[in-house]
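Biologist: I would like a close look at one part of this model, and then at what lies around it in the rest of the chain. Please keep to what can be computed from the atoms.

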Amino acid sequence: MVDKASEKVLSVDELATFCKRKGFVYPSGEIYGGLAGLYDYGHFGTLLKRNFEQTWRNYFLRLADNYVEIEASEIMPEKVFVASGHLKNFNESSAVCKKGHIERADHLLEAKAKKRFEGLTATELFAKIKEQGVMCSTCGGSIEKVEALTMMFPLSLGVVNPTRAYLRPETAQSPYVDFKLQAEVMRKKFPLGIALVGKAYRNEISPRNFILRQRAFTQAELQIFFNPSKINEYEDFGAVSSYHLRVVLSDQREKEIQLITCKDLAKRIPRFYVYHLAKVQQFYLDVLKFPVEKFRLYELDEKERAFYNKYHFDMEANLDTLGWTEIGGVHYRTDHDLKGHQEISKQKLEVFDEESKERFIPHVLELSFGVDRNFYALLNFAYTPDAKRENIVLKLPAFLAPVKVAVFPLISKGSGMELARRVYEELREEFSTSFDVSGSIGRRYARQDEVGTPFCITIDEESVKDKSVTVRERDSTKQIRVKVDALTETLRKLVAGKIAFTKAGKVVETRVK
Ligand code: GAP
């Protein structure tokens with residue numbers, strides 16, 4: 001986030017350093033030197049990540065009646081990826097220099113030309129590299145070849161006569177292979193949504209930019225199976241028809257963003273798809289509270305989109321120093337995957353829809369989110385250096401904050417301390433709560449500001465007498481007095497954003513910010 005006072009822009013390195021210092025995210029196995037592209041989430045990072053994932057579930061699983069969640073194996077049989085096309089197509093073009101250094105060819109070109117090079121073949125990328133005189137970024141030597149390398153991690157399963165298997169490169173394939181069983185259980189009502197939040201693994205040629213390009217990362221994906229004959233009619237479309245989407249269209253890239261109503265976009269793209277674009281945008285702007293101007297939906301053209309997609313818009317966040325960055329995608333995968341699985345598994349994946357009396361292989365609309373990239377974006381927008389306080393304030397929405405409330409006794413023993421412990425024990429039954437007795441009150445506030453705790457409570461001599469505590473709001477540093485008996489209920493409303501802070505208690509003078 002840009003700090004108005006200093007016009008400071010957050011670099012990837014600065015955010016990574018901050019995340020390590022506060023124990024949010026750090027390289028995995030670092031005491032042994034770590035491995036590129038692998039990270040661990042610490043205490044605060046895990047809480048924030050889980051809060052994001054739960055917010056995602058609460059929102060997307062409630063989009064329709066028949067949307068459910070599954071958990072599935074991260075190791076899958078080779079045939080799954082024969083059927084899905086990943087074994088053949090899930091490759092990345094790598095540029096190899098004279099000395100054998102390897103780097104993603106499109107990234108090398110992007111660094112030189114400062115524009116995207118998506119959807120080019122290895123041969124085309126090699127020609128462009130030569131044309132632009134791009135050299136190896138490690139040794140400065142010339143690039144000798146560009147070749148397509150698989151991004152899948154193969155495994156040998158079992159000791160005697162091992163079976164070839166793969167770590168899944170996307171969560172999506174599990175809902176497809178589980179579709180037949182789940183559709184039976186869910187009594188074949190369409191649209192049927194199957195969500196999965198879990199790890200995906202890709203042998204990235206050049207992992208980079210902290211958690212934005214890792215080799216093991218988390219996806220939150222919702223596969224929506226629907227009757228293809230209904231792709232242009234969706235009864236809920238009316239609710240978004242006049243809603244403005246923030247898009248870049250593939251044939252109008254000269255505009256950085258244009259606003260277009262859902263009904264206008266539905267003149268070129270099916271309604272069922274456009275409806276979900278609107279729901280995705282509303283998730284970012286209304287639920288996660290991304291700054292409006294930092295979000296857009298970017299349409300990919302035929303050459304750029306993934307091999308399984310017919311329509312493809314990326315969700316993008318405008319991140320400090322990196323610019324527009326993909327954080328997810330809305331993919332119309334047609335019957336590509338189910339048809340492939342039907343053919344290779346020899347299991348019938350066609351269904352009979354009682355409502356329409358039609359028989360069909362469902363088509364799939366996939367809402368795909370990179371959890372780590374969303375995590376990064378949330379931190380980027382929340383990270384605010386505060387010159388007056390001389391510390392970072394992490395201005396996360398309260399419902400996402402790792403810790404919701406911190407309790408600070410100002411008296412170290414006696415009835416004041418007893419009251420503080422009682423308040424803490426009560427609050428931690430409902431909220432993630434910290435208890436801090438050490439250091440000056442200013443230091444204690446600063447510690448909580450840096451991990452984004454929206455509310456801090458101090459308990460003083462007066463509290464013992466009037467059974468009230470002081471609550472301090474992170475962003476404004478304003479303070480209110482609230483009765484101990486009303487504290488849990490008041491915090492519940494504050495965390496949910498259902499009440500303005502200054503209306504939640506008697507405003508008192510702020511002494512320590
Ligand atoms: N199932 C569709 C799918 O996997 P994708 O565009 O390849 O589509 C979806 O990946 C999202 O996963 C991306 O938009 C991005 O947010 C995230 N993602 C992909 N590769 C990643 C990586 N190496 N590290 C972190 N996140 C990644």
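Where is Thr218 found? Is Thr218 buried or exposed, and which residues does Thr218 touch, not counting those up to four places away in sequence?

Modeller: This is a predicted model, in which local features need pLDDT of at least 70 and side-chain atom pairs count only at pLDDT 80 or more, while totals for chains, interfaces and linings use all residues. Residues are numbered from 1 along each chain as its sequence is written, and side-chain values use heavy atoms, with hydrogens and water left out.

Thr218 is found in strand 11. Helices (H or I, at least four residues) and strands (E, at least two) are DSSP runs, numbered from the N terminus. With a relative accessible area of 3%, Thr218 is buried; buried means under 20% relative accessible area, exposed over 50% and partly exposed in between, with a 1.4 Å probe and protein chains only. Not counting residues up to four places away in sequence, Thr218 touches Lys49, Glu53, Val197, Gly198, Lys199, Phe369, Gly370, Val371 and Asp372. Contact here means heavy atoms within 4.5 Å.

The ligand is surrounded by 21 residues, of which the closest are Glu170, Gln214, Glu221, Glu326 and Glu366; a residue is near a molecule or strand if one of its heavy atoms lies within 4 Å of it. A polar side-chain atom of Glu170 lies 2.5 Å from a nitrogen atom of the ligand. For Gln214 the atom is a backbone N or O, 2.8 Å from a nitrogen atom of the ligand. A polar side-chain atom of Glu326 lies 2.6 Å from an oxygen atom of the ligand. A polar contact is a pair of N or O atoms within 3.5 Å; within protein, one must be able to donate a hydrogen and the other to accept it, and residues adjacent in sequence count only if both atoms are side-chain atoms. Taken alone, the ligand exposes 550 Å², and the protein buries 94% of that. Strand 11 (216-226), strand 16 (323-334) and strand 19 (363-370) are the elements that give two or more residues to the shell around the ligand. The largest share, 5 residues, comes from strand 16. By class, the shell divides into 6 nonpolar, 6 polar and 9 charged residues.

Tyr275 is buried at 5% relative accessible area. Leaving aside neighbours within four places in sequence, Tyr275 is in contact with Tyr234, Asp236, Phe237 and Val240. Glu293 is found in the loop between helix 10 (271-287) and strand 14 (295-299). Glu293 touches Arg246, Ile257 and Trp324, not counting residues up to four places away in sequence. The C-alpha atoms of Glu293 and Asn318, 25 residues apart along the chain, are separated by 8.2 Å.

Two helices show how side chains are covered. In helix 6 (residues 122-132), Ala122, Leu125 and Ile129 are buried. Seen down the helix axis, the buried residues of helix 6 fall within an arc of 60°, so they line one face; the arc is that of the directions from the helix axis to the C-beta atoms. An α-helix has 3.6 residues a turn, so residues three or four places apart point the same way. These buried residues of helix 6 pack against strand 5 (91-97), helix 5 (105-113) and strand 7 (143-150). Thr123 and Glu131 are exposed, on the face of helix 6 turned away from its buried side. Helix 14 (residues 441-451) is mostly covered, with 8 of its 11 residues buried, among them Ile441, Arg444 and Tyr445.

Some backbone angles remain. Most residues other than glycine have a negative phi, and most peptide bonds are trans. Lys114, in the loop between helix 5 and helix 6, has a positive phi of about 55° and counts as exposed at 69% relative accessibility. Glu390, in the loop between strand 20 (383-386) and strand 21 (391-394), has a positive phi of about 60° and is exposed at 71%. A cis peptide bond, with omega about 0°, joins Phe190 and Pro191. Pro191 lies in the loop between helix 8 (179-185) and strand 10 (192-201).

Methods. Areas by Shrake-Rupley, 256 points an atom, 1.4 Å probe, with all protein chains shown as cover. Nonpolar A, V, L, I, M, F, W, Y, C, P; charged D, E, K, R; others polar.
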